[in-house]
Amino acid sequence: VNDHAAASTRPERDYYRRVADYYDEEAAVFEQHYRNNAILQRIRIDFRDITERYPFDSALEIGCGPGIDLAYWAERFPQRTFLGIDVSPAMVQQARAKIAGLANVTASSGTLWSLSEQSSGRFDLIYCYFGALNTEPDLAATARLLASLLNANGTMVLTFVNRWYLFDIIWNLLRLRWRRAFARPLDTWRGYAPDRPLPSFCHSAREIQKAFHPYFELKKRKGYSIVFPAWYRQKFVSTDGRLGRCLWNIDGWINRTPFWNLGEYSLYVFSAKE
Ligand SMILES: C[S@@+](CC[C@H](N)C(=O)[O-])C[C@H]1O[C@@H](n2cnc3c(N)ncnc32)[C@H](O)[C@@H]1O
């Protein structure tokens with residue numbers, strides 16, 4: 001089926017199976033949770049606005065989930081082609097249902113490593129929204145693989161769950177939850193839902209830039225949910241209210257400082273190095 005997969009070791013394959021099982025279960029409620037979460041919606045709009053600034057004809061989405069962005073982009077740009085991949089077959093099934101009838105988009109089950117050699121240099125946009133790269137065990141190898149998939153003038157818009165989330169550390173310390181406060185930096189952060197653990201990898205900005213630097217030029221970076229609430233604290237603040245807007249604007253201001261990367265998420269735009 002593919003050459004990249006042959007390089008994938010047994011522990012990695014076992015890990016991907018665990019990730020797939022986790023998201024297969026999550027698929028039943030994922031989209032409904034998203035539709036009820038104004039914070040995730042606000043952040044996604046920003047991811048899309050940034051992505052749309054870059055020209056592309058052929059795009060790859062890593063971790064397409066139930067196809068929310070695949071369907072959005074494919075409808076918005078009928079002349080452009082889109083491929084979504086996702087490790088969870090249940091998510092891919094939902095994505096396929098959502099894009100049925102759109103001729104310019106396909107969704108496929110697997111990881112980046114299951115793309116065939118024919119995909120090399122095929123994409124001029126690769127994007128990843130909301131966390132699929134936090135479940136790639138080897139970031140340096142992933143960066144190398146992405147370099148082989150992107151064409152020479154291509155752009156990548158990649159988002160990551162952060163290693164250092166200052167508000168969360170302070171919040172948990174104040175509530176005397178020491179372990180939780182330092183879970184991410186101590187590599188024990190357990191995934192997207194606290195009640196359903198999934199081991200995953202939170203990288204610092206330095207680690208991400210080190211892994212991508214050999215192949216890519218950093219064009220832009222942006223931090224999210226620094227003082228604006230993280231998606232799992234949506235009950236505390238209304239995103240449309242005055243406070244919500246104010247916190248979003250404060251994040252915009254912090255993004256101009258060295259503390260830009262102390263929020264829940266970060267976004268990086270990379271272009272291929274000449
Ligand atoms: C938090 S969901 C986000 C889904 C979608 N990007 C969105 O924004 O709605 C993460 C998705 O990435 C997929 N995923 C996680 N790790 C992956 C990996 N290593 N390769 C491919 N897909 C992965 C999961 O199955 C899940 O559907």
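Predicted model: local features only at pLDDT ≥ 70, side-chain atom pairs only at ≥ 80, totals over all residues.

Reader: In which element is Asn249 found?

Author: Asn249 belongs to helix α9.

Reader: Why are Glu31 and Arg35 separated by about one helical turn?

Author: The two residues are 4 residues apart in helix α1, which means that about one helical turn separates them. Their surroundings should be read one at a time. Glu31 has 16% relative accessibility and therefore counts as buried. Arg35, with a relative accessible area of 47%, is partly exposed.

Reader: Which residues are linked with Glu31 in a network of salt bridges?

Author: The network links Glu31 with Arg35 and Lys98. If neighbours within four places in sequence are left aside, Glu31 is in contact with Pro66, Ile68, Gln94 and Lys98.

Reader: Which salt bridges link distant parts of the chain?

Author: Two cases may be read here. The side chains of Asp46 and Lys222 form a salt bridge of 2.8 Å, N to O. This pair links distant parts of the chain, for Asp46 lies in helix α2 (residues 38–52) and Lys222 in strand β6 (residues 216–224), 176 residues apart. Both Asp46 and Lys222 are buried.

In the second case, the side chains of Asp69 and Arg48 meet at 2.7 Å, N to O, in a salt bridge. Here too distant parts of the chain are linked: Asp69 is in helix α3 and Arg48 in helix α2, 21 residues apart. Asp69 is buried at a relative accessible area of 2%, and Arg48 is buried at 13%.

Reader: How should I read a backbone angle such as phi?

Author: Most residues other than glycine have a negative phi, and most peptide bonds are trans. In Phe130, phi is near 65 degrees, a positive value. Phe130 sits in the loop between β4 (123–128) and α5 (139–149), and its relative accessibility of 16% makes it count as buried.

Reader: What is phi near in Ser225, and where is Ser225 found?

Author: Phi of Ser225 is near 50 degrees, again a positive value in a residue other than glycine. Ser225 is found in the loop between β6 and α9 (242–254). With a relative accessible area of 2%, Ser225 is buried.

Reader: Let us turn to the ligand. How many residues surround the ligand, and which are the closest?

Author: The ligand is surrounded by 22 residues, of which Arg44, Gly63, Asp86, Tyr129 and Thr135 are the closest. By class, this shell has 11 nonpolar, 6 polar and 5 charged residues.

Reader: Which atoms of Gly63, Thr135 and Glu136 lie by a nitrogen atom of the ligand?

Author: For Gly63, a polar backbone atom is 2.7 Å from a nitrogen atom of the ligand. For Thr135, a polar side-chain atom lies 2.5 Å from a ligand nitrogen. For Glu136, an N or O atom in the side chain is 3.2 Å from a nitrogen atom of the ligand. The ligand taken alone exposes 590 Å², and the protein buries 98% of that.

Reader: Which elements give two or more residues to the shell around the ligand?

Author: They are α1 (10–35) and α3 (68–76). The largest share of the shell, 4 residues, comes from α1. Helix α1 is also where Glu31 lies.

Notes
Residues numbered from 1 in each chain as written. Heavy atoms only, no water. Near = heavy atom within 4 Å. Polar contact = N/O pair within 3.5 Å; in protein donor to acceptor, adjacent residues only side chain to side chain. Areas by Shrake-Rupley, 256 points an atom, 1.4 Å probe, with all protein chains shown as cover. Nonpolar A, V, L, I, M, F, W, Y, C, P; charged D, E, K, R; others polar. Buried < 20%, exposed > 50% of the residue type's maximum accessible area, 1.4 Å probe, protein only. Salt bridge = Lys/Arg side-chain N within 4 Å of Asp/Glu carboxyl O. Contact = heavy atoms within 4.5 Å.
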